Amino acid sequence: MYGINQRCFYLSFHFFVVWCHAQHVREQGAQTDELSRRQVRVYQLYSRTSGRHVQIQGKRVSATAEDGNTFARLYVETDTFGSRVRIKGAESGRYLCMNWRGKLVGKANGRGRDCSFTEIVLENNYTAFQNAKYDGWYVAFTRKGRPIKASKTRENQREVHFIKRLHKGPHPFPNSDRPKHFEFISFPPIRRAKRNRKSHTAS
């Protein structure tokens, strides 16, 4: 009897240590990185249900943008050491956020946890975005591209599935909107120096 109790104690202790380690890994991965330079990616999010792309127009968020639309270009920057990101509209300059009612909105300041999302790569190769502040609430859209209340979403629903796609529009390079002028600089002709024959004969 004593041996059975001792074995149960060791098993319980082992599972407790494993759980603590997993919890520690999750907490460290969720820490916001304020020191390192953030990695920014530029792409579109294609909604599986609407067949269109996510766009942020002011406070309004929808999944009705055509491929290559300027509002469909998104800046996705890393937020933590794990897989959390912040999504910003390149054209509107607003962040994709989620309020306490589960509604998707665009905010000018995206530093809160309600504007941070965890990227989850699913088994079917689609990507889901779970809000960092409201656990179990996902970004989702209807067939008409309207946002779905996040409290009614689940990871296995088609409405929360997205595909990352490259933007077909012009690349957002610095000063790309400025016209480029090429200036041709003319140099005076180079005169070849005459060889001094006297110096050669003297030698």
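**Exercise 1. Classify Lys-164 by its accessibility in this predicted model, and then trace which side chains its salt bridge connects.**

Solution. Next, look for its partner: the side chain of Lys-164 meets that of Glu-119 in a salt bridge, at 2.9 Å from N to O. Then place the two residues in the fold: Glu-119 lies in strand S8 and Lys-164 in strand S10, so the pair ties together parts that are 45 residues apart in sequence. Glu-119, at 15% relative accessibility, counts as buried. Finally, follow the shared partners, through which Arg-41, Glu-119 and Lys-164 are joined into one network of salt bridges.

**Exercise 2. Where in the chain do Arg-111 and Glu-77 lie, and is each residue buried, partly exposed or exposed?**

Solution. A general point comes before the details: side chains of opposite charge can pair when their charged atoms come close. Here, the side chains of Arg-111 and Glu-77 form a salt bridge with an N to O distance of 3.7 Å. Locating the partners, one finds Arg-111 in the loop between S7 and strand S8 (117-121) and Glu-77 in strand S4 (residues 74-78), so that the pair, 34 residues apart, links distant parts of the chain. As for accessibility, Arg-111 is partly exposed at 37%, whereas Glu-77 is buried at 13%. Another salt bridge joins Asp-79 and Arg-86 at 2.9 Å, N to O, and both of these residues are buried. The whole structure holds 7 salt bridges.

**Exercise 3. Describe the surroundings of Ala-140.**

Solution. First, the position: Ala-140 sits in the loop between strand S9 (127-131) and strand S10 (162-165). Second, the accessibility: its relative accessible area is 0%, and Ala-140 is therefore buried. Third, the contacts: setting aside neighbours within four places in sequence, Ala-140 touches several residues, including Leu-104, Arg-146, Ile-148 and Val-160.

**Exercise 4. Which residues gather in the patch of positive charge on the surface, and where does Lys-103 lie?**

Solution. The patch brings together Arg-101, Lys-103, Lys-149 and Lys-152. Turning to Lys-103, its place is the loop between strand S6 (95-98) and strand S7 (104-107). With a relative accessibility of 53%, Lys-103 counts as exposed, because the cut-off for that class is over 50%.

Definitions and conventions:
Residues numbered from 1 in each chain as written. Predicted model: local features only at pLDDT ≥ 70, side-chain atom pairs only at ≥ 80, totals over all residues. Heavy atoms only, no water. Patch = residues over 30% accessible without salt bridge, like charges linked within 9 Å, V, L, I, M, F, W, Y side chains within 5 Å. Areas by Shrake-Rupley, 256 points an atom, 1.4 Å probe, with all protein chains shown as cover. Salt bridge = Lys/Arg side-chain N within 4 Å of Asp/Glu carboxyl O. Lys, Arg positive; Asp, Glu negative; His and termini not counted. Charge placed at Lys NZ, Arg CZ, Asp CG, Glu CD. Helix = DSSP H or I, 4+ residues; strand = E, 2+ residues; numbered from the N terminus. Buried < 20%, exposed > 50% of the residue type's maximum accessible area, 1.4 Å probe, protein only. Contact = heavy atoms within 4.5 Å.
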